[in-house]
Amino acid sequence: MNFDLTEEQKMIQQAAKDFAERELLPGIIERDEKAEFPKEQMKKLAELGFLGMMTDPKYGGGGMDTISYVLAMEEISKHDSACAVVMSVCNSLVNWGLETYGTEEQKLKYLVPLASGEKIGAFLLSEPEAGSDATSQRTTAEDKGDYYLLNGTKNWITNANCASTYLVIAQTNPEKKHKGINAFIVEKSWPGITLGPHEKKMGMRSSDTHSVMFNDVKVPKENRIGEDGFGFTFAMKTLDGGRIGIASQALGIASGAYERAIKYSKERKAFGTEIANHQAVAFKIADMAVKIENARNLCLKSAWLKDQHQPYGFASAMAKQYAADIAMEVTTEAVQIHGGYGYVSEYHVERLMREAKLTQIYEGTSEVQKIVISRTILK
Amino acid sequence: MKILVCISHVPDTTTKIKFVNNNTTFDTTGVQWVVNPWDELALTRALDIKDAQPGVVESITVINVGGCETEPTIRKALAMGADKAIRVNANPTDSFIIATQLAEVIKKESFDVIFCGIESCDFNGSTVGGMLAEILNLPSVSALSFFDIENGEIKLKREIDGGQEVITTQTPFVAIVQKGICKEPRIPSMRGIMGARAKPLQVVEAAAVEPLVEFVSYEYPKPKAACKRVDPENVKELVMLLHNEAKVI
């Protein structure tokens, strides 16, 4: 067993840290308050290659391993989760899904501009009545011979407005239930696509979240991913990897709060000494450290399994559930350590606490992860 | 035009400095090593010029005098965009050794511009650039805050008291740069990082050079005196303290 990072992995971690501190941290509070998408920052992030980290260089990506991706996600998420979620959706869901299951033509046409950061992608699975229960897709893709006719509404779509390329999950044969579901590559500019208003969220306010409505959108046959009826398997396989991204995001939110709590506890004095010298605070720091270390190990283990081409769905479910849950706990304690200052925006930890909550909900709630984990154990 | 950027392998600027062996040796335990920030700025400026004028700048080489432990730092410079690297295999103990080793390599290859950071953040000697120019009998311009090439002519600006000096010089020359030479150091791209290992890193053996100085020991800075707070309304007390205790007025 070797816990050492390679020279490249360390360099990627440092590059992500430098970028987050230099480009994302300044202005983060204002962007959060105004729910303003970090357009300029995303452009720079894309230029550096953070949106196509794991994609094969022949398709415009960086050709990196999943461990590098976890390291970068943690560093970016310490400061700006809205940027981190764009990274996660692009890397884990859209690019990985296209690279793994797309045809060569689809990859050349759609993956290359996505992996090189020229364009942004979105993954459209959730619906008003189909969140955790992804089999209940109401969006339909009617087979019209040489094209599909797409109708329906998708909810909570990250990158909905900034993305050019959508991967849409829709029902083609309702009688076949989940085996009738297909996945399609859809260009946002096609006629019949409209967006709902920007969602007013509790946290990650500057991330670009909308509902997307499809009204008789014609999708060419060659834009279906995989064989007819492959869509549900495509979505589930893709979400296995997506969990690593969100787990790493939750890890970054937790470690961002932890680092700020340490700094504050060494500066703030109460009863004649720094509050870090009070056992009540010191023990909180210790508890945070143990939880973060566990979460990091789970994230890196699932990334390692993925890089070794071994099954990683079980490990990534554990990483996602644990990292998200401890992110909530750690950020709550970080606010507590900061006292009144933790409850105002200047010290960042209240924002991290709001952001942590979402990691327990999206890309499979903590409860859904426990279903995956328990079913794997008990089958 | 061929550009050489001299880079130092230094402890990260946030390192907590400790000495061992009766304060004669810097304790490197747990230290994270980085490209010297001033050298990083110099390299960034060189890369910016190459990006803007690819036909003018033929290549950018980085050079370091150090043991094999400096190679991750050199790879970082390659990841930032340098084309190739040279490591002079030596463990220098003073600036003269570094300047001499650099000069030995430069004599054998031809570079039009040799960039050095104004100082390194470990020993802060601010001497290598000047020594190097002297050994090579080349012009040098120090404290540069602006460097550009316009129609093949070198345009330079350096900070002087109350303003800037605008100058030009012949090549080859040694450009000793300070803050302001570029906005911020370049962050290596993902492709740059992955491609760094494939770039050439030549290791050359060191010339036999004796140091001119010997370090005896290190001393920690004196601890800061306790901070005295004065009521903003009490100007008299402030003046009294500045006069009698701090003795600055």
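In this predicted model, H348(A) is found in the loop between α9 (313-338) and α10 (349-359) of chain A, where helices (H or I, at least four residues) and strands (E, at least two) are DSSP runs numbered from the N terminus. H348(A) has a positive phi of about 70° although it is not a glycine. Because the model is predicted, local features need pLDDT of at least 70 and side-chain atom pairs count only at pLDDT 80 or more, while totals for chains, interfaces and linings use all residues. Residues are numbered from 1 along each chain as its sequence is written, chains are lettered from A and ligands numbered from 1 in the order in which they are written, and side-chain values use heavy atoms, with hydrogens and water left out.

**Backbone geometry**
- Most residues other than glycine have a negative phi, and most peptide bonds are trans.
- In chain B, a cis peptide bond with omega of about -5° joins T171(B) and P172(B), and P172(B) is placed in the loop between β11 (163-167) and β12 (173-177) of that chain.

**Domains of chain A**
- The assignment, whose bounds come from an automatic or database source, divides chain A into domain 1 (7-120), domain 2 (122-232) and domain 3 (237-378).
- The centres of domain 2 and domain 3 of chain A, taken over C-alpha atoms, are separated by 31 Å, and their contact (heavy atoms within 4.5 Å) takes seven residues from domain 2 and twelve residues from domain 3.
- Between these two domains the buried area, that is, the accessible area (1.4 Å probe) that two parts lose on being put together, summed over both, is about 790 Å², of which carbon and sulfur atoms give 73%.
- On the domain 2 side, S132(A), M202(A) and M204(A) lose the most area to domain 3 of chain A, together 60% of what that side buries.
- The count of salt bridges (a side-chain nitrogen of Lys or Arg within 4 Å of a carboxyl oxygen of Asp or Glu) between domain 2 and domain 3 of chain A is zero.

**Cavity**
- The structure holds one cavity of 30 Å³ or more, a cavity being a set of points on a 1 Å grid over the protein atoms alone where a 1.4 Å probe fits but cannot get out, with lining residues having an atom within 4 Å of a point.
- About 30 Å³ of space lies in the largest cavity, and its lining consists of M54(A), T66(A), Y69(A), S92(A), W96(A), G241(A), I244(A) and K306(A).
- Domain 1 (7-120) and domain 3 (237-378) of chain A both give residues to this lining, so the largest cavity lies between them.

**Contact between chains**
- Chain A gives 20 residues and chain B gives 15 residues to the contact, and the two chains bury about 1,600 Å² between them, 63% of it on carbon and sulfur atoms.
- Three salt bridges are counted between chain A and chain B; the side chains of E8(A) and R197(B) meet in a salt bridge (2.8 Å, N to O).

**Salt bridges in the whole structure**
- A search of the whole structure finds 33 salt bridges over all chains, and the side chains of D143(A) and K221(A) meet in a salt bridge at 2.8 Å, N to O.
- D143(A) lies in strand β2 (residues 140-143) and K221(A) in the loop between β7 (209-220) and β8 (224-225) of chain A, so this pair ties together parts that are 78 residues apart in sequence.

Terms used:
On a 1 Å grid over the protein atoms alone, a cavity is a set of points where a 1.4 Å probe fits but cannot get out, and a pocket is an open set with protein on both sides within 12 Å along at least five of seven lines; lining residues have an atom within 4 Å of a point. Grid points are joined across faces, edges and corners, and a volume is the space filled by probe spheres set on the points.
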